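Please look at the sequence and the structure shown here, and keep both in view while reading the report that follows.

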Amino acid sequence: PLLRCLPSRVASLYPYPGSKMALLSRVPLTFALSGAALAAASFTLGALLNRRHGLLRLKLKLLARAKRTLVLSRVRVPRSLLPPSSSFVSDAEGLVDCDVHILDGKISAIDAGQTVGPKCDAGGSILLSCFTDAHTHMIKTHGHPRTRNPTGSINDALRVELIDQEANWLSEEDVYRRMDFAIATAYHYGTRAMRTHLDGTNSPDAQLRATVYTAFTKLRAKWAAKGVCLQGVANLYLPLWGKPALAEPHLEEAMSHEGVLLGAYCGNVNGTPFAETEAHLDALFAYAHAHGVQVDLHIDETNDPQCCCLQPLVHCLRKARANGYTKPVLLGHLTALSLQTPAVQREVVAGLAALRPLTAIVHPATNLGLQDRRGSMPPHCVEIDADTPRTPQWRGLTLVQELAAAGGGGGPDPA
């Protein structure tokens, strides 16, 4: 996709007089000519690469329609996508040179290139499985500049979300259009499975809930026809799962829509008694077990080192597993885990590794920006004054390598 976009990206520089291309007259002629030559060379290279890849795509389409079997030769596949028991040796980038056999549109075998007979030469192209985007908020997507976050903090992110919700989310056209565009762009670049948090479905406003669910249901059906699996998560603020008068109507509405599972915004549990947080999580897992659905949690997304909802989560999920709950559980963010003591970190990582199927989703593009920002404040975060100059000191990422080394896995299934 990058190579496919290169010509258009280079060409797009020319129509805009305000772009840096218009500033060439301010630099010496030699540099101006060098810049122009580089742009022309980039455009030519991009056009050649685009033509080559276009021809390969056309050849693959024709061969796939004409033949039940197809062998792609000289492809490179990430070693991580191949069976652990296979004997392939990867290069320094983790890629394996191999031939891929396709039967009736599905991969039937992979070998090291010993196949004799007709092949389609892929020219060293990298072959990847389709992408899965397991944590999105499509209801909130493509809202800039109307939802500009003035401080970049979590607090202002939530504030502008509520403002936009009141102003625009009652319009099904607005919600549908933004969600549809998000799915279309992901599909273009190879994504075939997406999960979106259905923000607004926990609102007391019935019209808002209906708008979000209707847009989701229509888009799920539309994109299923193109091979995209779309899931939705109906969240409640975690303590509300412990209040049946609020939880059960939310549950009933969520379960009336296909492809919807249960979730929670766990918030900052610092100051909440451990037993209370356990009771709320127990209630959520009990509902999920009764209805046979997965659970997806926003958990410990804060800069507060006194917040560790993962500790009661490990206890409660262990109980749920013992009681027969086997569905995958997904944990999002977990940023405060990196602020815990080494002893707590080891306890949590080991506990999570024993509770599979369970997946931790890290959000570097989100949390590298949101965490440790001026303007952070309770109840979500430890306060950081918005008006005092201060450079963020903390990366805001969870223990990625430790969790991976502990053997976490078992991501969202397509059900």
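Helices and strands are runs assigned by DSSP and numbered from the N terminus, and two strands are said to pair if DSSP finds at least two bridges between them. The model described here is a predicted one.

**Confidence**

The chain has an average pLDDT of 86, and 85% of the residues score at least 70. Over residues 1-36, however, the pLDDT is below 50, and this stretch has 29 contacts in the model beyond near neighbours in sequence. Residues 408-415 also have a pLDDT below 50, with 27 contacts beyond near neighbours in sequence. Where pLDDT is low, the predicted coordinates should not be read in detail.

**An open sheet**

Four strands, in the order β3-β2-β1-β4, make up an open sheet whose pairing is mixed. Because β3 (106-111) and β4 (120-121) stand at the edges and each has a single partner strand, one side of each is left without a neighbour in the sheet. Strand β2 (residues 95-103) runs antiparallel to β3 and is joined to β3 by five bridges. Within this part of the sheet, His101 has Ala109 in β3 as its bridge partner.

**Helix α9 and its surroundings**

Helix α9 (residues 342-353) consists of twelve residues and reaches 16 Å from its first C-alpha to its last, which is close to the 16 Å expected at 1.5 Å a residue. Its buried residues are Val344, Gln345, Val348, Val349, Gly351, Leu352 and Ala353, and what covers them includes α8 (310-322), β10 (329-333), β11 (358-361) and α11 (400-405).

In the loop between β10 and α9 lies Leu334, which is not a glycine but has a positive phi of about 55°. Leu334 counts as buried, because its relative accessibility is 0%.

| Cis peptide bond | Omega | Loop of the second residue |
|---|---|---|
| Arg356 to Pro357 | about 5° | Pro357: between α9 and β11 |
| Pro378 to Pro379 | near 5° | Pro379: between α10 (364-370) and α11 |

Methods:
Residues are numbered from 1 along each chain as its sequence is written. This is a predicted model: local features need pLDDT of at least 70, side-chain atom pairs count only at pLDDT 80 or more; totals for chains, interfaces and linings use all residues. Side-chain values use heavy atoms; hydrogens and water are left out. Helices (H or I, at least four residues) and strands (E, at least two) are DSSP runs, numbered from the N terminus. The expected span of a helix is 1.5 Å times one less than its number of residues. Buried means under 20% relative accessible area, exposed over 50%, partly exposed in between (1.4 Å probe, protein chains only). Contact means heavy atoms within 4.5 Å. pLDDT is the predictor's confidence in each residue, from 0 to 100.
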